[in-house]
Amino acid sequence: MFKSLQDEARQSPYEKVLQECLRGELRVVNAGLPRSQKRLSDLLTEQYPHVICNDGGAHVFKKSELEYLASMIDIDEQEALPLPMLIELGANQAEAAIICEGKIEEKVISKALNMSVTCEQRRIRIYRPQLALLRRKFKTTTVYVFSPKIVA
Amino acid sequence: MPEIIKVRPTKIELIRLKRRLSMAQRVQKIVKDRLSILTMEFLETARDTVEAKRKLVDELSKLYKAISIAGGYHGYIAMEKELIATEADLKVTAGLRNIAGVRIPSFELIGNLPAEAWQAGGKPMRGYNLLDTSSWLDRAAQLSEECLKAIVELAELQRSFELLAKEINRTKRISNALEYTVIPGLQVTINYLNMKFEERDREEKARLKRVKVLVARG
């Protein structure tokens with residue numbers, strides 16, 4: 001702790017501005033992340049389906065989109081699908097990864113993109129053109145995550 | 001041409017500059033990533049907006065035609081009398097969603113007809129007398145509902161389009177400042193300091209050689 005305080009003291013105002021800029025950018029880009037995800041089956045029963053974001057605001061889902069999602073999977077799968085789906089942007093700019101818990105996300109993404117995808121290490125990797133296609137179909141049910149890994 | 005930052009030529013300053021450079025590069029990475037996502041979303045929104053506008057214009061032209069035909073068939077006064085009963089409040093769900101730090105509005109038109117207004121066959125009862133009116137009026141009513149949906153969709157897209165464009169401008173300015181001013185400035189200063197230290201080393205070596213010669217003579 002002493003060392004970190006020393007480092008802090010040694011920082012010039014210029015460095016502090018840059019550090020603040022980095023923190024600010026990370027805070028801004030990840031402000032829309034949900035505090036917790038909700039299951040599709042729960043969201044379908046809500047009058048105004050939404051989740052609370054990190055910044056305290058609400059992320060509202062479109063009912064039509066939820067119904068479209070529900071039409072793609074079975075009822076028991078609806079109880080296991082967490083929403084919004086998180087799209088992680090990694091160090092490689094040409095790729096994105098969808099963070100998934102199980103096979104349901106795999107099934108949904110496969111159907112939406114009309115191609116088979118596989119989940120490896122809890123991530124489904126897709127390319128940017130596929131990401132655009134996915135976002136067109138799931139505008140409110142997907143959210144971007146800017147992982148700290150990309151700045152490491 | 002980037003300017004050299006005025007710093008004391010010391011090793012500590014060089015370390016600080018290197019730290020600043022790595023920080024600036026990290027910020028630039030995030031900003032660039034964000035910019036690419038925003039641009040992708042912007043292009044998508046622009047495409048959707050154009051499509052929605054075209055759709056709305058088509059729907060409206062169809063609607064005007066249908067209304068004039070219905071008006072011609074029933075007479076405008078009789079049609080207005082029938083339509084007074086159909087007035088209903090428009091229900092739109094409005095919320096926000098976040099795209100890479102930009103809060104975008106999200107509108108969705110909720111069916112403004114109560115559930116019991118739907119017949120068993122799936123056709124809605126719009127409130128006017130079906131016996132006294134023709135299918136032309138049904139057609140006009142159906143088209144007007146589609147127009148409402150298209151207007152709400154266009155409103156969302158148009159606003160998203162504007163907000164994304166503003167944010168892209170802002171992010172681009174930050175990205176350009178980092179790319180063309182901050183980072184090159186730091187790199188030039190680091191190079192300058194490195195050269196200065198090398199020069200000092202060379203001078204030191206030359207001085208030592210000279211001292212060595214002098215000591216050997218003495």
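## Close-ups of a predicted two-chain model

**Figure 1. A five-stranded sheet in chain A.** A:Leu86 has A:Ile99 in β6(A) as its bridge partner. Here β5 (residues 85–89) and β6 (residues 95–99) of chain A run antiparallel and share four bridges. (Strands count as paired when DSSP finds at least two bridges between them; strands are DSSP runs of E, at least two residues, helices are runs of H or I, at least four residues, and both are numbered from the N terminus.) The whole sheet is open and mixed, with its strands in the order β7-β8-β6-β5-β9 (chain A). At its edges sit β7 (119–120) and β9 of chain A; each has a single partner strand, so one side of each has no neighbour in the sheet. Packed on this sheet is helix α6 (residues 103–113) of chain A, which touches β5, β6, β7 and β8 (123–127) of chain A and runs at about 20° to the direction of β8(A).

A quick word on what you're looking at: this is a predicted model, where local features need pLDDT of at least 70 and side-chain atom pairs count only at pLDDT 80 or more, while totals for chains, interfaces and linings use all residues. Residues are numbered from 1 along each chain as its sequence is written, and chains are lettered from A and ligands numbered from 1 in the order in which they are written.

**Figure 2. Where chain A touches chain B.** Chain A puts 34 residues into this contact and chain B puts in 26. (Contact means C-beta atoms, placed from the backbone, within 7 Å of each other.) On the chain A side, α2 (13–29), β3 (58–60), α4 (63–72), α7 (128–137) and β9 (142–146) each supply at least two residues. The largest share is the ten residues from α2(A). By type, the chain A side has 19 nonpolar, nine polar and six charged residues. (Nonpolar covers Ala, Val, Leu, Ile, Met, Phe, Trp, Tyr, Cys and Pro; charged covers Asp, Glu, Lys and Arg; the others, Gly among them, are polar.)

**Figure 3. Two helices of chain B, packed together.** Helix α1 (residues 11–74) and helix α2 (residues 76–84) of chain B pack at about 110°, their axes 6 Å apart. (Axes are lines fitted to C-alpha atoms, for helices over the stretch in contact, and angles between N-to-C directions run from 0 to 180 degrees.) That makes α1(B) and α2(B) roughly perpendicular. (The label covers 65 to 115 degrees; under 35 is roughly parallel, over 145 roughly antiparallel, and the rest oblique.) At the contact, B:Ala70, B:Gly71 and B:His74 of α1(B) meet B:Tyr76, B:Ala78 and B:Met79 of α2(B). That's four nonpolar residues, two polar and no charged.

**Figure 4. A hairpin in chain B.** Strands β1 (residues 91–99) and β2 (residues 102–110) of chain B run antiparallel, joined by nine bridges. Facing B:Ile99 is B:Val102 in β2(B). Two residues lie between the strands, and B:Ala100 in the turn has a positive phi of about 45°.

**Figure 5. A lysine in α1 of chain B.** B:Lys55 has 16 C-beta neighbours inside 10 Å, so B:Lys55 counts as partly exposed. (Buried takes 20 or more other C-beta atoms within 10 Å, exposed 12 or fewer, partly exposed in between, with C-beta atoms placed from the backbone.) B:Glu146 is 91 residues away along the chain, yet the C-alpha atoms of B:Lys55 and B:Glu146 are 9.9 Å apart.

Notes: Two residues are in contact if their C-beta atoms, placed from the backbone, lie within 7 Å.
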